[in-house]
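Biologist: I am new to this one. Please show me the structure, and then let us talk it through.

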Amino acid sequence: MNRIEINKVSKKFGSFQALNNVEFEVREGEVYGFIGPNGAGKSTTIRILLGIIQATSGHATIFGKDVWKDAVEIHRKVAYVPGDVHLWENLTGGEVIDTFLSLKGQLNKTKRDHLIDLFQLDPKKKAGTYSKGNRQKIALISAFASESELFILDEPTSGLDPLMEKVFQQCVEEVKKQGKSVLLSSHILSEVEKLCDRIGIIRKGEMIESGTLDDLRHLTRTNIRVETEKSASILGDVPGVHHLFLDKGVYSFQVDTERLSEVMKELSQLGIKSIESNPPTLEDLFMRHYHSEDQLNKG
Amino acid sequence: MLYDKVIQLLFFTCRQNRKASLIWTISLVGVTVLTASAFTGLYQSDQERQSMAQTMENPAMTAMVGPGYGLDNYTNGAMMAHQMLLFTAIVFAVMSILLVTKMTRAEEEEGKLELLRSLPVGRLSSLSATVIFVTILNIVIGLLIGIGLIAMNLVGMGMTGSILYGLTLTVTGLWFTSITALISQLSETSRGVVGLSFLVLIVAYLLRAIGDVSSEVLSLMSPLGLVLRTEVYVQNYWWPIFVTILMSLVFTLIAFYLNNKRDLGAGLLLSKPGKREGSRWLLSPLGLILRLQRTTIISWIIVMFFLGASYGSVFGDLEAFFENNEVLMQMLGDNRGYSMTEQFTTMLMVVLAIMATIPAVLVFLRVRGEEKKGRTEHLLTRGISRFSLIAHYLIIAILLGIVSLFLANFGLWFASSQVMEEPITFVNLLKAGLSYLPAMLLVLMIAVLLFAWKPKSTPLVWLYLVYSFFTVYLGGLIDMPTWLADLSSFSHIPQLPVDDFNWTPILILLFISTVGLVFSFISYRRRDALG
Ligand SMILES: Nc1ncnc2c1ncn2[C@@H]1O[C@H](COP(=O)(O)OP(=O)(O)OP(=O)(O)O)[C@@H](O)[C@H]1O
Ligand SMILES: [Mg+2]
């Protein structure tokens, strides 16, 4: 069953079209990565899912229930971590966490203390004096200490140090093991690559890609470095090869992944001395979308 | 350099606050000039004014609006200044407190100041720009009021008096500008600054009320008592103006000194480590909301009691005053079967009811502040429905309104029973006081409605409350078209014990409030819960 289902959701702020027919779903036991440039509409989508703002058109459900009408019921089993955590200055971190957990009716002290330890938070400080990362930890601890089936995380690690990022990744893997689902919006591509089963890319309010990382890789290019006996400059004319460079006898270029086998055939005739191929990273994928936009703008 | 780029920041401040400044200017100048013309048309003969003067001389009025002066020749000017100057000065104080807080601590809290400070801007530039801006605004409004009064060319309101009238208001504004600038160095949160500054204002008012009735020294210790010593339109003393300016300068200097010394974002009142766990109390929406407003609620409860008590403490003098004043007794007196004391009580009741509405509205509007800061999200995404959220705030507001009203009346009764020969019975007083609850509920309904429907315009509810105050207060003094007064919910409540109790207006008010609240709940569920 799908935990989240978003069906042609659009949102207008006045005349500004923030979302345009956004569609994707998050399945049971899956971590779904939600990426896109600044202002693309990630937080807007998430706020719609949380029933904080209402979609102008389209339909979204969580656990099969309408996100706007059944918000309260849904929220009993959803944990949310906002990107910008604003807290009440005069309450301590410990007080905030306990309040959040009891609001959901799920104050489990063992779990809470374990997480406070794990994230190395001093819960006795006033929230007004916490650093950005520490405020984020409070939101994360409140989320992971709760008994939720679905975690909606909006750039949850933007303020965490690398050590804490590791802890966060452990937490995500832990809940995934328990068959829970996670919607993770993030700009940290390595994190998304490591954690996510499927990925959706949004740009200017429109979903431009959605699928597993492998699916998406097929849409992109593989990086190849090769040393050959004969000159490989003819590769420049082979369709599907891009950015061919020669440096100290080593050719480096990119190949459209769907053309890979044809290019390999050509290469084998040139006598391969050594070859190194790198699967496209998410970053490549991401950059390519930026790139095509730039070209569109110029053209 | 400490003051680099002050001028640029000043322009920046103007740009950001021009709308608010314009609204303050227009309403303050407009209300003053209109009231002045209303006063002059009111009493044709000196004789009428003279009898008015006699009523005004009583201690209850003195406690409320300040000492009367020039009563042997109660000109229009003297009358206007006596009845309007203090309240208008309080509005100047409120304006200055709100503007200064918004430009200093609120900016700092939101991290905007940090951005500015990272630019080549002096450490004291931002505070300087604020102080200069609010000072200029106070001067401009004061002068415009003075010029407006001169331009009206009214009998008994001369040139010097009019200018002094305006400047008296200006210096009150300056005093509170500087004290707020100082307080904003002490407290870490903008709510703390507003709270402390209003506390100063309220203490200043109470000190003056008690002082004006019993001890001149006490009055002089209060800025509000001090500025009234100008005796505008009669003696036109200038020394209080200079003394007040001097005090403002001192406070400003201290504020600058502290601002220069402290860290950005820090206050001087340090925060200590607190609890590791949330107490059982805190762990419900009700507990959380109450806890967040604990200080506000407790302070207002105390203030309301003392406000009632200070009005009550003059009742002994009031009784004696009417007994010794046979002319007045005959003129207005017992012929209706109610003592003059009781008639004055009705007026105090309205004032107390409107005052008690302030904490109720304040506590409710906190939900808007929370929304703006992105914190209602925490509750709304944790199984609290919108209905429940808004209902919690509303119920706390209503309860606080009731408690405030009750305590104000209790304070009034308690203090008056100590000093009166024939004390008013508590039950009667309470009946009169609590009859105003429906009027209070209607104001709360307006707050809820604005929040649910047009969240950006929630501050308008304060305008309605101030309007109510002035119509009810002035309605007793000048001939105001009834429809103007009728716009205020408070004018529909029967004034016990002088009027008979009447259910009709009460039920109508309750009905309107209920309809408004239902409508609000529906529209809040429909709108985006964004700041
Ligand atoms: N309340 C609002 N009123 C008007 N426009 C808005 C509002 N909220 C968001 N927007 C606009 O909608 C677009 C999407 O914003 P959103 O916050 O969803 O971006 P995002 O993908 O989360 O970006 P980031 O990666 O920077 O967090 C932006 O162009 C933003 O300016
Ligand atoms: Mg965002």
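**Ligand and interface**

Modeller: This is a predicted model. Ligand 1 has 14 residues around it, and those that come nearest are Gly39(A), Gly41(A), Lys42(A), Ser43(A) and Thr44(A).

Biologist: Where does ligand 1 lie?

Modeller: The residues that come nearest to ligand 1 include Lys42(A) and Ser43(A). Chain A is not the whole story, though: the place of ligand 1 is between chains A and B.

Biologist: How far is an oxygen atom of ligand 1 from an N or O atom in the side chain of Glu155(A)?

Modeller: Start with the backbone. A polar backbone atom of Gly39(A) is 2.8 Å from an oxygen atom of ligand 1. For a backbone N or O atom of Lys42(A), the distance to an oxygen atom of the ligand is 2.7 Å. Glu155(A) uses its side chain, and there the distance from an N or O atom to a ligand oxygen is 3.1 Å.

Biologist: Turn to the two chains. Which residues of chain A lose the most area to chain B?

Modeller: About 3500 Å² is buried between chain A and chain B, with 57% of it from carbon and sulfur atoms. On the side of chain A, three residues together make up 20% of what is buried, and they are Ile52(A), Trp88(A) and Leu103(A).

Biologist: Which residue forms a salt bridge with Arg112(A)?

Modeller: The rule finds six salt bridges across the interface of chain A and chain B. In one of them, the closest N and O atoms are 2.6 Å apart, and the partner of Arg112(A) is Glu277(B).

Biologist: How many residue pairs are in polar contact, and which element of chain A gives the most to the side that touches chain B?

Modeller: Between chain A and chain B, 15 residue pairs are in polar contact.

Conventions
Residues numbered from 1 in each chain as written. Chains lettered and ligands numbered in written order. Predicted model: local features only at pLDDT ≥ 70, side-chain atom pairs only at ≥ 80, totals over all residues. Heavy atoms only, no water. Buried area = accessible area lost by both parts, 1.4 Å probe. Salt bridge = Lys/Arg side-chain N within 4 Å of Asp/Glu carboxyl O. Polar contact = N/O pair within 3.5 Å; in protein donor to acceptor, adjacent residues only side chain to side chain. Near = heavy atom within 4 Å.
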